[in-house]
Amino acid sequence: MQPAEVRLDGIGKSYGEQWAVRGVNLHIRRGEFFTFLGPSGCGKTTLLRIIAGFVFPDEGTIYLDGQPMDHVPPWRRNVGLVFQNYALWPHMTVFENVAFGLRERKVAPSEIERRVMETLKQVDLQGTENRRPSQLSGGQQQRVAVARTLVIQPRLLLLDEPLSNLDAKLRIDMRIELLKLQRDLGLTTIYVTHDQEEALALSTRIAVMNGGRVVQESTPRQIYEQPANEFVAAFVGQSNLFSGKVLQADPRVIEVRTDDNLVIRAASSASAKLPERGDEVLLSVRPEAMELRAAGSTPTGANQLTGHVAASAYQGSFVEYEIQLAGRALKTYTINPKGRALFQRGQGVVVIFAADDVVIVRSDGE
Amino acid sequence: MAFLLAILIAFILYPILRVLWIALSDETGNLTLIHFLNFFRRPLFREALGNTLVSGLLVVVFSGLISLPLAYIIARYEFRAKILLQTAATLPLVIPPFVGAVALQLILGRSGMVNLLLMRWFDMTIPFMEGLTGVVLVQTLHFFPFILLNTVVSLSNIDPSMEEMAQNMGCHGFRLFRRITLPLMLPGFIAGSLLTFIRTIDDLGTPLMLNYKNLLAPQAYLRITTVGMDDVDGYVVCVVLVVLSLISLLAARKYLGLAEYATVQRSAPVTRRLHGKKLLLVWLLCGAILGVSLLPHIGILLLSFSKVWSFTLLPTAYTLGNFAEILFRAPHFIKNTLLYTLLAAGLDIILGAAIAFLLLRSRLAGRNLLDAIATLPLAIPGVVLAVGYLRVFHGWDFPGLGAPLTSSWVILVVAYTMRRLPYTVRASYAALQQVHVNLEESAQSLGANRLKTFAKVTLPLISGGLVAGGLIGFVTSCVELASTIMLVPRIELGPISYGIYIYMQSPLGRGAGAALGVVAILLVSLGTYLTHRIFGGRAGNAFRI
Ligand SMILES: Nc1ncnc2c1ncn2[C@@H]1O[C@H](COP(=O)(O)OP(=O)(O)OP(=O)(O)O)[C@@H](O)[C@H]1O
Ligand SMILES: [Mg+2]
């Protein structure tokens, strides 16, 4: 089966007064790994269920391979869905679970046997076919759920937080398995998660959602490096946000006086329109872009802020510092400085970062 | 612990063992199976056993047939008449089956309303109420709600994603029901059916009222009351009854265990709205069910206000005299009922809480024995317990009473307490399970001793469950007839159910009997309403054991 292409055209769904999703326009291309990312209750599951056909939208239309799905029930869509709780049927063995969809499609018994075994092998579950779901571990159950969906060769794979019930270590292993499987099969996949790391690691593109709307749709790199607004900057990864007024703007560098009276220089990007003097802007700087120097040293750099260490947390691969400035606190990450001494609580430091690392998230001049 | 065990052994285990022993021993005190061989040699008993099995099975099958579609509609669809359907499903529960039997006689009996009409219009009659047919009809009408409630619970316990997944795989409609829904709900459904089966073979009142004697329960009753306390056959019949119930109970428990696996993890089950033709159909169905479930109530209400009602469609003269009779001339029936059942419910709450506490929080040996004996009454038909009591407590003065226990009303309270004990034990057990031990431990670490902890932390948290169990005990004891009828020492010590039975024996007393029936319905309705009011939907769970 050829992987599908999906188009969401002005999708909206309300429960009573409240809109679960609203005004969603997306185009998901063949073979993509597309992720809906957002906090709990933002409408990710609703959107996925609309695509699967369990919820009919109040507004807009879904197109699968160009066909409108307005009146197509779930059992005619040939899209595979993996539920967050796996929804394995407890009264059937692993084999029967995986064979279910093929039996529904009236596939010949010998063919069923062959394809089920092949798929179980694909997800590394040989030898479990006669067990009941309750006799499997969480990770194994998750793989049965995936196998059950893959075996029918759906044109589209929908995954609703498939890793959220697994423990942290297994989650990372399964993440890589899932990635390999998807890339091998070339299957169009829509993935739902509230875990930004997962989204960044797996996706070809991400739609960040908030309050039922898509607030940014882009590649993982762009989402992280060029967050389109305050919400994305804060939700995806950690961010130091500064709001302030433009002091002066020239084509090379923009100078901003923040509300807590710091002066920050940002490189102006070629693409965006240049803000004008007096515009209100919001700036974002990632913690790992900030470097720390002991107070008294005379470093160079576009931005230098002095303060002292308010707290530090050793994380193994990096150290997280909270730096107290005159009016506010900053968060910074320092790659584990093997052997070198860590900064101590109370120690004076200079925070430096390049103008290139400052992202203008919003500017009301636009 | 020892005290509790002693009580349970004295009032549950020992009487049953005595019955068992008499059935299994000969005059010289040796073990023998000869009585059982005799039992199976007598055509009368073989027939009674067969009839009991057949009627129980038919009641369960018919109830299942009514319940499955209704349960599916209630669990899966949203429509305004749903409340009607749910009411219809609780109505039969508030009318004791033997009262319903009388009422249905008036409506469907040989000279009841329907047959009079049929006679007038088509010159024919249909023997709805004759023999086993009548028993099955009355019992189906009374017991189908148990199966219905159970089926609704089983259905709503299915995780909706189980069905959605199947739809996603291309399965829908009746195939979906057959391959996914039915297998997932079946264990719960079977368990409910088995428990209902136990109730039908326990039901002594219906066959007595319909004057159909060829079932095991009435046979046991008649043997003991007419042939005498020393007639071995009566005891053999009792043992057969217990064995049947016990097997059903054990099977039900096994299936209930199986039913656990399909229960919900996600929030609310998905319900759909109904439209158009389907909606109309459902409305008609609701109307029909409500109408039929209301028949006994209407019959008994009419009878309670009637002065003369025979061979006519409706009563020919009305009166308030029946209520005057039971409220002023013979008020002791109502008073006795309140006294006995409230006492029994209170005792049940205390015993139930203590037993549940020991089961869950102590490490004492003998807990399993305690649990087993406390559950046993579920499998002991009322007749059998009564026979055991008569055998054990007859003829010697009970300490502190100055008379044999069986000649005092106390025996009724004891019987009610023991018969309904499983409900409070289960209810408090479930409630106590919800209370995490940490809650008690943190109270203790803050300086409260064990007793204080129980009084200040545990008891308030489980009081809801206790009251629920007590209320259910109260409601079911109010209309208990099987053991009552055998244990009442003197007429003036009898409760409502006994009064109804006595009144109904004579055509002249039927009106007063019906008036008592109305009071019973009101009491049970009140208890049921309170249970639901306080505990919402969870109240139904207590009936599931
Ligand atoms: N069947 C329903 N009835 C009423 N409201 C609903 C229903 N399903 C979803 N909602 C509401 O719609 C909104 C979006 O829900 P949805 O389940 O899509 O969120 P989600 O992004 O998947 O959240 P989570 O990460 O917690 O799974 C929520 O506010 C929710 O309360
Ligand atoms: Mg969700």
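Ligand 1 is surrounded by A:Y15, A:Q18, A:A20, A:S40, A:G41, A:C42, A:G43, A:K44, A:T45, A:T46 and A:E161, where a surrounding residue has a heavy atom within 4 Å of the ligand. This is a predicted model, in which local features need pLDDT of at least 70, side-chain atom pairs count only at pLDDT 80 or more, and totals for chains, interfaces and linings use all residues. Residues are numbered from 1 along each chain as its sequence is written, chains are lettered from A and ligands numbered from 1 in the order in which they are written, and side-chain values use heavy atoms, with hydrogens and water left out.

## Ligand 1

The shell around ligand 1 divides into three nonpolar, six polar and two charged residues. In this scheme Ala, Val, Leu, Ile, Met, Phe, Trp, Tyr, Cys and Pro are nonpolar, Asp, Glu, Lys and Arg are charged, and the others, Gly among them, are polar.

| Residue | Protein atom | Distance to an oxygen atom of ligand 1 |
|---|---|---|
| A:S40 | side-chain N or O | 2.5 Å |
| A:G43 | polar backbone atom | 3.0 Å |
| A:T46 | side-chain N or O | 2.5 Å |

Taken alone, ligand 1 exposes 630 Å², and the protein buries 60% of that. Accessible areas come from the Shrake-Rupley method with a 1.4 Å probe; for residues, only the protein chains shown count as cover. Two elements of chain A, β2 (18-28) and α1 (44-52), each give two or more residues to the shell. The largest share, three residues, comes from α1(A). Helices (H or I, at least four residues) and strands (E, at least two) are DSSP runs, numbered from the N terminus.

## Chain A

Chain A contains eight helices and 20 strands. Its C-alpha trace spans about 80 × 50 × 35 Å along the principal axes. Of its 366 residues, 49% are buried; buried means under 20% relative accessible area, exposed over 50%, and partly exposed in between (1.4 Å probe, protein chains only). The chain exposes about 17,000 Å², of which carbon and sulfur atoms supply 47%. Among contacts in chain A with a separation of 6 or more, 66% are between residues 24 or more positions apart, a contact being heavy atoms within 4.5 Å.

## Nonpolar cores

A nonpolar core is a set of buried Ala, Val, Leu, Ile, Met, Phe, Trp, Tyr and Cys residues joined through side-chain atoms within 4.5 Å. The largest one has 228 residues, and those with the most contacts inside it are A:F36 and B:Y389. Helix α7 (residues 131-156) of chain B supplies the largest share of this core, twelve residues. Leaving aside neighbours within four places in sequence, B:Y389 is in contact with B:F11, B:P15, B:H394, B:T406, B:I411, B:V414, B:A415, B:M418 and B:L487. Apart from this core lies another, of 24 residues, including A:F242, A:V246, A:L262 and A:V285.

## Helices of chain B

Helix α22 (residues 496-504) of chain B is largely enclosed by the rest of the structure, because eight of its nine residues are buried. Those buried residues are B:I496, B:S497, B:Y498, B:G499, B:I500, B:Y501, B:Y503 and B:M504.

B:T181 is in helix α9 (residues 173-202) of chain B and counts as buried at 1% relative accessibility. Beyond four places in sequence, B:T181 is in contact with B:R76, B:L155, B:I158, B:E163 and B:L176.

B:T476 is found in helix α20 (residues 450-478) of chain B and is also buried, with a relative accessible area of 15%. Its side chain makes a polar contact of 3.0 Å with the side chain of B:R420. A polar contact is a pair of N or O atoms within 3.5 Å; within protein, one must be able to donate a hydrogen and the other to accept it, and residues adjacent in sequence count only if both atoms are side-chain atoms. Not counting residues up to four places away in sequence, B:T476 touches B:R420 and B:Y423.

B:H332 belongs to helix α15 (residues 332-361) of chain B and is partly exposed, with a relative accessible area of 23%. With residues up to four places away left out, B:H332 touches B:I491, B:E492 and B:G494.

## Positive phi

Most residues other than glycine have a negative phi. A:Q153, not a glycine, has a positive phi near 45°. A:Q153 is in the loop between α4 (138-150) and β7 (156-160) of chain A and is partly exposed, with a relative accessible area of 43%. B:N211, likewise not a glycine, has a positive phi of about 60°. B:N211 lies in the loop between α10 (205-209) and α11 (216-227) of chain B and counts as exposed at 53% relative accessibility.
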